[in-house]
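Dear colleague,

I am handing over the structure we spoke of, and my notes on it follow directly below. Please read them with the coordinates open.

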Amino acid sequence: MTASSSALSVEVCTDGDAFAELAGDWDRLYRACPSATPFQSHAWLHSWWLSYGRPGTLRLVLVRRGGELVAAAPLMRVRRPLPVLVPIGGDITDFCDVLVDESVGEPGAAALADGLADLARTALVDFGEVRQGGAMERVYLCWRGPRHRTRDSVCLDLPALPMSELVGRLPTARARRIRGKVNQVRKLGIEWRVVPHDETEAALRRLLELHRLQWEGRQVSAEHLRPRFMEHLVRAAVPLARTGDASTTEFMLDGSVVAVNIMLRSRQLAGMYLYGFHPQLRRRNVDVATMLLEATTGHLESAEGRVPGQVRTLSMLRGDEPYKYRWCPERAVNQRFLLARRRTLPLLAAAIAEDAARRRAKKLLRDRSGPATADGAPPTEDRR
């Protein structure tokens with residue numbers, strides 16, 4: 001399906017093989033979109049599609065200018081049970097978004113809106129987990145049909161500062177406790193290193209094995225234990241590590257790897273995506289969150305990890321578990337955009353009603369649970 005507007009052409013790609021062949025064009029567009037995160041990279045999205053996509057459901061809205069890809073919306077069609085268009089990436093993707101080359105700006109967003117409008121005749125566009133400032137905001141403003149914007153998941157963000165400055169932001173008593181935990185890690189002799197990109201695959205396999213041990217006997221996201229997740233993470237992270245959009249850190253104690261953490265990074269944001277650690281660290285009273293954060297800030301501060309004037313935010317990504325609040329983070333709420341046409345207006349109304357009911361249920365549960373404590377340990381894994 002194709003259409004034209006000025007110098008821009010719009011098409012919808014439904015073929016998985018064609019998606020694979022877009023890698024070069026997609027990567028150039030990814031670099032040209034200031035709000036993009038690694039979750040919008042071709043490496044992440046196409047790998048996710050290979051692990052989780054279903055034949056016949058792919059819907060990539062592509063905008064070209066003179067043959068050059070200048071905007072894209074990665075979608076798939078599902079039934080919940082009504083027909084809905086959702087972003088590729090699923091629950092393991094913290095930020096979803098479209099891509100718009102900064103050089104085309106509003107016309108590019110408007111062209112994406114036109115392409116989505118064709119698809120929205122038979123399905124509701126339900127585009128969630130968009131970070132504040134994401135390119136999807138422009139598409140929403142260009143939408144000429146029924147629409148609705150609501151809140152989605154909560155993310156907790158820290159400024160990308162050295163560890164000493166992060167601790168210095170905390171209340172005095174809490175800062176003293178954190179410094180003690182840092183000293184405990186150092187006294188034990190735990191060392192860390194960022195693995196070279198050609199060692200990423202082996203490190204991630206260790207991460208997922210440690211993640212399994214970490215959560216053994218407790219509630220955990222079952223998806224992280226499945227082979228398809230391992231295949232996706234390795235397949236996506238290796239090329240991202242090669243381009244500097246991902247880094248994997250190993251922690252050694254007495255000559256053995258006892259923890260592994262993977263961080264994803266874009267121009268303005270670094271996100272602590274997933275980690276695993278050996279239960280022996282608990283037995284030795286290691287505060288793993290503090291250990292991981294010190295290494296992450298150290299890497300961002302190092303010559304290898306520093307990109308001048310770019311990374312401003314260190315995100316703990318989705319989930320507002322109590323233990324994260326010890327660092328006095330800022331709440332950054334993702335957005336959910338619902339877009340419809342006149343024919344799909346009943347689907348929009350149903351989605352709004354469902355969202356309101358879900359919020360009421362969450363509030364009731366929160367009221368019954370009582371207030372969270374800032375220094376509490378996570379009883380279960382986060383929502384991802």
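Why is the sulfur of Cys33 too far from the closest cysteine sulfur for a bond? The closest one belongs to Cys96 and lies 14 Å away, whereas a disulfide is taken here as a pair of cysteine sulfur atoms within 2.5 Å. Cys96 is in no disulfide either, since its nearest cysteine sulfur, that of Cys155, is 11 Å away, and a search of the whole structure finds zero disulfides. Cys33 counts as buried at 3% relative accessibility, and Cys96 is buried at 6%, where buried means under 20% relative accessible area, exposed over 50% and partly exposed in between, with a 1.4 Å probe and protein chains only.

Before going further, please note that this is a predicted model, in which local features need pLDDT of at least 70 and side-chain atom pairs count only at pLDDT 80 or more, while totals for chains, interfaces and linings use all residues. Residues are numbered from 1 along each chain as its sequence is written, and side-chain values use heavy atoms, with hydrogens and water left out.

On helix packing, helix α7 (residues 172-188) and helix α11 (residues 288-301) pack at an angle of about 80 degrees, with 9 Å between their axes. Helices (H or I, at least four residues) and strands (E, at least two) are DSSP runs numbered from the N terminus, and the axes are lines fitted to C-alpha atoms, for helices over the stretch in contact, with angles running from 0 to 180 degrees between N-to-C directions. This makes α7 roughly perpendicular to α11, a term used for 65 to 115 degrees, as against roughly parallel under 35, roughly antiparallel over 145 and oblique for the rest. On the α7 side the contact (heavy atoms within 4.5 Å) is made by Ile178, Lys181, Val182, Val185 and Arg186, and on the α11 side by Thr290, Met291 and Glu294.

Some backbone features also deserve a look. Most residues other than glycine have a negative phi, and most peptide bonds are trans. Arg80 and Pro81 are joined by a cis peptide bond with omega of about 0 degrees, and Pro81 sits in the loop between β4 (68-79) and β5 (83-87). Asn285, which is not a glycine, has a positive phi of about 60 degrees; its place is in the loop between α10 (280-283) and α11, and at 62% relative accessibility Asn285 counts as exposed. Cys328 likewise has a positive phi, near 55 degrees, lies in the loop between β13 (313-318) and β14 (330-339), and is partly exposed at 28% relative accessibility.

Finally, there are eight aromatic pairs, counting rings of Phe, Tyr and Trp (its six-membered ring) whose centres lie within 6.5 Å, with planes under 30 degrees apart called stacked, over 60 edge-to-face and the rest tilted. Among them, Phe19 and Trp26 form a tilted pair, with ring centres 5.8 Å apart and planes at 55 degrees, and both Phe19 and Trp26 are buried at 0% relative accessibility. Trp44 and Tyr273 are edge-to-face, at 5.5 Å centre to centre and 85 degrees between the planes. That pair links distant parts of the chain, with Trp44 in helix α3 (residues 42-52) and Tyr273 in strand β12 (residues 269-277), 229 residues apart. Both Trp44 and Tyr273 are buried, and together with Phe39 and Phe95 they form one aromatic cluster.
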